[in-house]
Amino acid sequence: LPSLPSSMHLIQVDSVQRWMEDLKLMTDCECMCILQSKPISIEKDEQNELILSSQHSTCDNLQLLLKRAWIISTELTRIAQKLEKNRWQRVHSMTVRVNCHVHSMINEYNAFTRSASQEMHQLEKLLIDKCSEFTAFTERCLQTEDEEILKSMKSCVNETLTTVAQYFGQLIEVVLTQEAQNLLRQIELSGSLYVMESAISSLFSLAQEGAHLCRIIAKEGGVVALFKICRQDCFRCLYPQTLRTLASICCVEEGMHQLEKVDGILCLADILTDTSHSEATHAEAAAVIAQITSPHLTFTQHLSSFLENMEEIVTALVKLCQEASTGEVFLLASAALANITFFDTMACEILLQLNAMKILLAACSDKRIVDTPYSRDQVVTILANMSVLDQCASEIIQGNGVQLLMEMLFEKSSSGNPAEVAACERVQQKSAVTLARLSRDPEVADAAVKLSCIPRLIKLCRSPTDRNNSDSVLVACLAALRRLAVMSPDGLEDSDFQQLVKPRLVDSFLLCTNMEESFV
C-alpha cells in the first residue's frame with residue numbers, strides 16, 4: 001500500500017483513549033452510512049447557517065478529516081493482512097466498514113469546503129465506485145467455498161485493494177494540497193490581521209501532522225508567503241506565530257530550498273539583531289535557526305549563506321542567552337548555538353571572543369533559566385565543542401566550569417520520561433567528553449581530581465544503573481578516566497587501574513558491559 005499522509009502521532013497515545021476517540025467515528029459509520037450518503041432537504045437559509053457554523057473551525061474540520069483518513073489507511077492495511085490469511089468473512093466486513101468510512105469522509109469534507117476542484121470530484125467518484133466494486137467483490141467471495149475459485153479471485157481482490165488505496169492516497173493528497181492553497185491564499189490576499197492569524201494557526205496545525213504535510217505546504221509556496229510577512233513591519237504582532245510555523249516547515253528539504261530562494265537566513269539575522277523586536281520574536285527566530293542547523297539534517301546546501309551571516313547571528317544568540325527571562329527562551333537560543341558549533345569551528349572562536357563560556361556557566365547556576373536536562377544538554381554540547389580550543393581551559397577554570405561538569409556526571413531523570421532519560425544520558429556523555437578534552441591542561445585535570453571526578457567516573461563505568469546502561473556514556477567515561485589517570489596516577493586503586501585504564505579501551509569496555517553490579 002502507498003504511504004499515506006496521516007495523523008501518525010495519534011498512534012502514540014494511550015490505546016483506550018485512542019479507542020474512545022475513534023468510537024464515535026466507527027459507530028457513526030456502521031449505523032448512519034446510508035443516511036449520511038443521502039442529501040437531506042433543507043431550506044436555503046438553514047443551509048447557509050449550517051455552512052457558516054462549520055466554517056468557524058477549519059482546523060477542527062481538518063483534524064476530523066485526518067483522523068478519518070488515519071482510520072481508513074489502518075483498515076486497508078488490516079484488510080491486506082486478513083486477505084493474506086484467507087479470512088474472507090473478516091475481509092468482507094472490514095471492506096464494508098471502509099466503504100462507510102470513505103462515504104462519511106467525503107460527505108464531511110464536502111460539508112465544510114466550498115471550493116472542491118473538478119479533479120477532487122473525479123477522484124471522489126473513482127474512489128466511491130472502486131469501494132463499491134471492492135465490497136461487491138468480497139461479498140461474492142463469501143458465497144463460494146471452492147478453494148480453486150477463491151484462489152483465482154484473491155489476486156483480483158488484491159489488485160482492487162491496491163487501486164482503492166491508490167485512489168484514496170491521491171484524494172487525500174489533493175484535499176490537503178487544496179487546504180494548504182486556501183490557507184496561503186488567505187495569508188497573501190487578506191488585509192485582516194485576524195484572518196491572517198487564524199490562517200497561520202491552521203497552517204501550523206497542518207505542519208504538525210508530519211513531514212509529508214510540510215512538503216505540501218513548502219511546495220505550494222508556504223515558506224515564501226511566511227517570510228513575506230516577516231519582512232513587513234505592519235505585521236510585527238504576527239512574527240512569533242509566523243516564525244514558529246516556519247520552524248516546523250523547514251524540517252524538510254523542500255522547505256529549506258524555499259528558505260534559500262527567498263534569502264531567509266538574512267531575514268532571520270535581521271530579526272535577531274533588531275533590538276526593537278520582542279523577546280518572543282527573537283526566541284522563535286532562534287528556533288528557526290536551531291531547526292535549519294540541526295546536525296541530523298542530511299541536506300546542507302543552505303549553510304553557505306548561513307556562514308556569511310554567522311557572526312551576527314551567533315552574537316545575537318549569545319545576547320539572547322544572557323538576557324533570557326524564561327527557561328524556554330534560553331533553551332531555544334542555546335539549542336541554536338549548540339547546532340552551529342557542530343558545523344564550523346569558527347563559531348567556537350566567535351563564542352570565545354564573546355565571552356560565551358562565562359555567560360553559559362553563569363546561566364547554569366540560575367535554576368530558573370537552566371531548569372531541565374534539555375537545557376543542560378545544549379550547554380554541555382557547546383562546552384564540548386568549544387573544548388577543542390586551547391584557550392577554553394582557562395575560561396572553564398575561571399567560571400567554575402569543572403564543578404558544573406562534575407555535577408552533570410550525576411544527571412538523572414526525575415520523571416522517568418524516555419525523552420528526558422535520553423537527555424540525561426547525553427548530558428553525562430558530553431560532560432565526560434568535555435572533561436577528557438580539557439584535562440590535557442594540567443590545571444583543569446588538577447581541579448577535576450580535587451573535585452573527586454575520578455571516583456564518579458569509576459562508578460559510572462562499573463555501575464550500569466548509574467549510566468542507564470548507556471554504552472556511549474561508558475566510552476566517554478573510560479576516555480576521561482584514562483586522561484585523568486595520566487595526570488594523576490595516584491587517584492586510582494590498583495584494581496581500577498588494571499581493569500579500566502591499563503587494557504585497550506575496547507577490552508575495558510567489554511569488561512564493563514558484562515559487569516554484574518555488586519550490592520554488597
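Modeller: Let's begin with cysteine 477, which counts as buried because its relative accessibility is 0%, under the 20% cut-off. Keep in mind that this is a predicted model. So does cysteine 477 have a bonding partner, or is it too far from one? The closest cysteine sulfur belongs to cysteine 461, and at 5.2 Å it's too far away for a bond, because a disulfide needs the two sulfur atoms within 2.5 Å. Across the model, the disulfide count comes to zero.

Now step back to the helix. Cysteine 477 is among the buried residues of α25, a helix that runs over residues 471-487. With 17 residues, α25 reaches 25 Å from its first C-alpha to its last, close to the 24 Å expected at 1.5 Å a residue. An α-helix has 3.6 residues a turn, so residues three or four places apart point the same way.

What covers those buried residues of α25? The cover includes α22 (418-438), α23 (442-450) and α24 (453-462), along with α26 (494-501) and α27 (505-513).

There's another cysteine to look at. Cysteine 364 has 5% relative accessibility, so it counts as buried. For contrast, go to threonine 372, in the loop between α18 (356-364) and α19 (373-386). Threonine 372 is partly exposed, because its relative accessible area is 23%, which falls between the 20% and 50% cut-offs.

One last stop is the empty space inside. Rolling a probe the size of a water molecule over the atoms shows where empty space is left. Here the count comes to one cavity of 30 Å³ or more, and about 30 Å³ of space lies in the largest cavity. Two elements give two or more residues each to its lining, α4 (88-112) and α6 (147-189), with α4 giving the largest share, three residues. The lining residues are Leu65, Met105, Ile106, Tyr109, Glu124, Leu171 and Val175. By class, that lining has six nonpolar residues, no polar ones and one charged residue.

Terms used. Residues numbered from 1 in each chain as written. Predicted model: local features only at pLDDT ≥ 70, side-chain atom pairs only at ≥ 80, totals over all residues. Heavy atoms only, no water. Helix = DSSP H or I, 4+ residues; strand = E, 2+ residues; numbered from the N terminus. Expected span 1.5 Å × (residues − 1). Buried < 20%, exposed > 50% of the residue type's maximum accessible area, 1.4 Å probe, protein only. Contact = heavy atoms within 4.5 Å. 1 Å grid on protein atoms, 1.4 Å probe; cavity = no way out; pocket = protein on both sides within 12 Å on 5 of 7 lines; lining within 4 Å. Points joined across faces, edges and corners; volume = space filled by probe spheres on them. Nonpolar A, V, L, I, M, F, W, Y, C, P; charged D, E, K, R; others polar.
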